[in-house]
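Reader: Could you zoom in on one bit of this model for me? I'd like to know what sits where and what it touches, in plain words.

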Amino acid sequence: MKKYSVGVIGATGMVGQRFLLLLENHPWFEVKALAASASSAGKKYRDALKRWHMSAPVPEKFADMIVMDASADKEKIASAVDFCFCAVNMGKNEIRELEYAYAKLECPIVSNNSAHRFTDDVPMVIPEVNPEHLQVIAEQKKRLGTKRGFIAVKSNCSLQSYVPLLHPLKKFGIKSAAVCTYQAISGAGKTFETMPEICDNVIPYIGGEEEKSENEPLKIWGEVKNGKIIPASSPVITAQCVRVPVSDGHTAACFVKFENKPELNDILGAWAEFAGEPQKLNLPSAPKKFIHYFEEDNRPQPALDRNTENGMAVCAGRLREDNLFDYKFIGFSHNTLRGAAGGAVLLAELLAAKGYFN
């Protein structure tokens, strides 16, 4: 695999910092450009940081890189790299315009942002679940008038804690699902220092999160037709999303009703056997085993299990029959690794392996 030159737009934020830790020694991707807001532009990366949120130190190889202005320096950045990761803190319309601008400069964008998740020719991909959606990129490039430039996005971080667990069960005919996600504060870009109100507390509202949790899975399970992704009409999903005092890791309590109720061992078998394109292609960031099921009644737990397979696995536990639905279980994933930067890096690896950056 050739080495690709990479830019990180939004490099000073929490997800941008996670990107740099993941890319520090990446075998395929080499960071050549860092970009952020105008207030950070022209500064060395270490000086542009308002706060370093990661437990590992700032990578020395990036510390003295000069940060560029993500908006004013678009042409310079686009000409220096093969593609960019994007994780910016801006309004949705501004993000759409920024990502389109890079794509039209022939710089592919792998986005962590939500702005383009429902653009019907922009693939929103969990690499193990719906890699076939990448085929709409050809139609997107026609619309944008580009040869190389396009946008691909990853889904909302909380989806990773239950959609990958529901996906192998679709063969049994999922009729409906109810999910309650218990989401870590890093999903809001916060730490315990910067979010003191979460200590000894639970906040039962996360803006826009329930709508994403109910609707994004339907696009992921949708059908590619005439160059567009048509969202699936089922299963019906209802969600509640709660912010909890956990640093990293989103937990989901999931309840499922089937058209043809499987045996409990059928579900366990479907999880144990499931592997996707990243495992078959042996992508650098892919977990060797995608789904890990814990037999213990008190697992998975964020403190114990967030770093399973370098934080890129999806964990499950407590599968049992339910009085109202057919079955219930607990799902779990690391929200800034599998759910955010790591999921975007894995998506970029899939795009690279399939030649989309060439």
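Author: The buried residues of α6 pack against α5 (92-104), β6 (151-153) and α12 (337-353), with contact meaning heavy atoms within 4.5 Å. This is a predicted model, where local features need pLDDT of at least 70, side-chain atom pairs count only at pLDDT 80 or more, and totals for chains, interfaces and linings use all residues. Numbering starts from 1 along each chain as its sequence is written, and side-chain values use heavy atoms, leaving out hydrogens and water.

So which residues do the packing? α6 runs over residues 137-144, and Ile-137, Gln-140, Lys-141 and Leu-144 are the buried ones (under 20% relative accessible area, 1.4 Å probe, protein chains only). These four sit on the same side of α6, because they span an arc of only 100 degrees around the axis, going by the directions from that axis to the C-beta atoms. Helices (H or I, at least four residues) and strands (E, at least two) are DSSP runs, numbered from the N terminus.

With β11 (residues 250-258), β7 pairs in the antiparallel sense over eight bridges; pairing takes at least two DSSP bridges. There, Ile-174 stands opposite Phe-258 of β11. With β10 (residues 236-243), β7 pairs in the parallel sense, again over eight bridges. In that pairing, Gln-183 faces Arg-243 of β10.

Key: Buried < 20%, exposed > 50% of the residue type's maximum accessible area, 1.4 Å probe, protein only.
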